[in-house]
Amino acid sequence: MGGALPNFELGPVEVARSLIGCTLLIHDVGGRIVETEAYDFNDEASHSFRGVTPRNKAMFGPPGTAYVYLSYGLHWCFNFVCRPVGQGAAVLVRALEPTDGVATMEIRRGTTDLRRLCAGPGCVAQALGLDRSFDGAVIQPPAIELLPPRMEVELSIGRRVGISKAVEQPWRFALKDSRFLSRRIALV
DNA sequence: CTTTCGATGATCT
DNA sequence: GATCATCGAAAGG
């Protein structure tokens, strides 16, 4: 029995959980989501914590849209915007298990190492061809397609990666025992 | 295998 | 001027 698509009317922790196992495709290229992180409103680690700026404006947009930003001046990162509306909550996609358009992703990434193709938020964006033009985009075909899990999903839960605030929050979610994660995750 | 560190430049204060 | 939701190469065990 398979799962359901996320309900973007819920908060980012619930959306981050339910995105695991879904398939994300950008123009038919992508794979199964195996790692996500929740960034809540009122969350010190979130870009939205200090209010709207030009960069994070899309984060305050409607649930079910994308927030795409440039990290460290070099890597694009893709988020799903969710509830509460106008408060700046989102889910970062950190890793995919490549399933569709692998040859395209290998060219974009410059490697044929399947495990490393989409292992990290910057890698995901590079493999899928994401950039600023997707910032604020609605999650809908043909550009952005999200498919529900085909099987039951078992989760691992741990702390978020690469942040210096609110580090104790267990808001990182992964497909249990996946080989395609950006880094190891704590067993919970 | 793990840890460290430099690149890199947009963004915000 | 400081920070940064990263990456990958290099160095160390």
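Among contacts in chain A between residues at least 6 apart in sequence, what percentage join residues at least 24 apart? The share is 61%, where contact means heavy atoms within 4.5 Å. This is a predicted model, in which local features need pLDDT of at least 70, side-chain atom pairs count only at pLDDT 80 or more, and totals for chains, interfaces and linings use all residues. Residues are numbered from 1 along each chain as its sequence is written, and side-chain values use heavy atoms, leaving out hydrogens and water.

**Overall build**
- Chain A holds three helices and eight strands, taken as DSSP runs (helices: H or I, at least four residues; strands: E, at least two) and numbered from the N terminus.
- Starting at the N terminus, their order is α-β-β-β-β-β-α-α-β-β-β.
- Because its radius of gyration is 15 Å, close to the 16 Å of the globule rule for 188 residues, chain A is as compact as a globular protein of that length; the radius is taken over C-alpha atoms, and the rule is 2.2 Å times the number of residues to the power 0.38.

**Burial**
- Of the 188 residues in chain A, 49% count as buried, meaning under 20% relative accessible area (1.4 Å probe, protein chains only).

**Around strand S1**
- From S1 (residues 23–26), Thr23 and Leu25 point one way and Leu24 and Ile26 the other, and all are buried.
- In general, side chains of a regular strand alternate between the two faces of the sheet.
- S1 runs antiparallel to S2 (residues 29–39), joined by four bridges; strands pair if DSSP finds at least two bridges between them.
- Ile26 has Val29 of S2 as its bridge partner.
- Two residues separate S1 and S2 in their hairpin, and His27 in the turn has a positive phi of about 50°.
- S1 also pairs antiparallel with S6 (residues 144–147) over four bridges, with Leu24 opposite Leu146.

Note on methods:
Chains lettered and ligands numbered in written order. Buried < 20%, exposed > 50% of the residue type's maximum accessible area, 1.4 Å probe, protein only.
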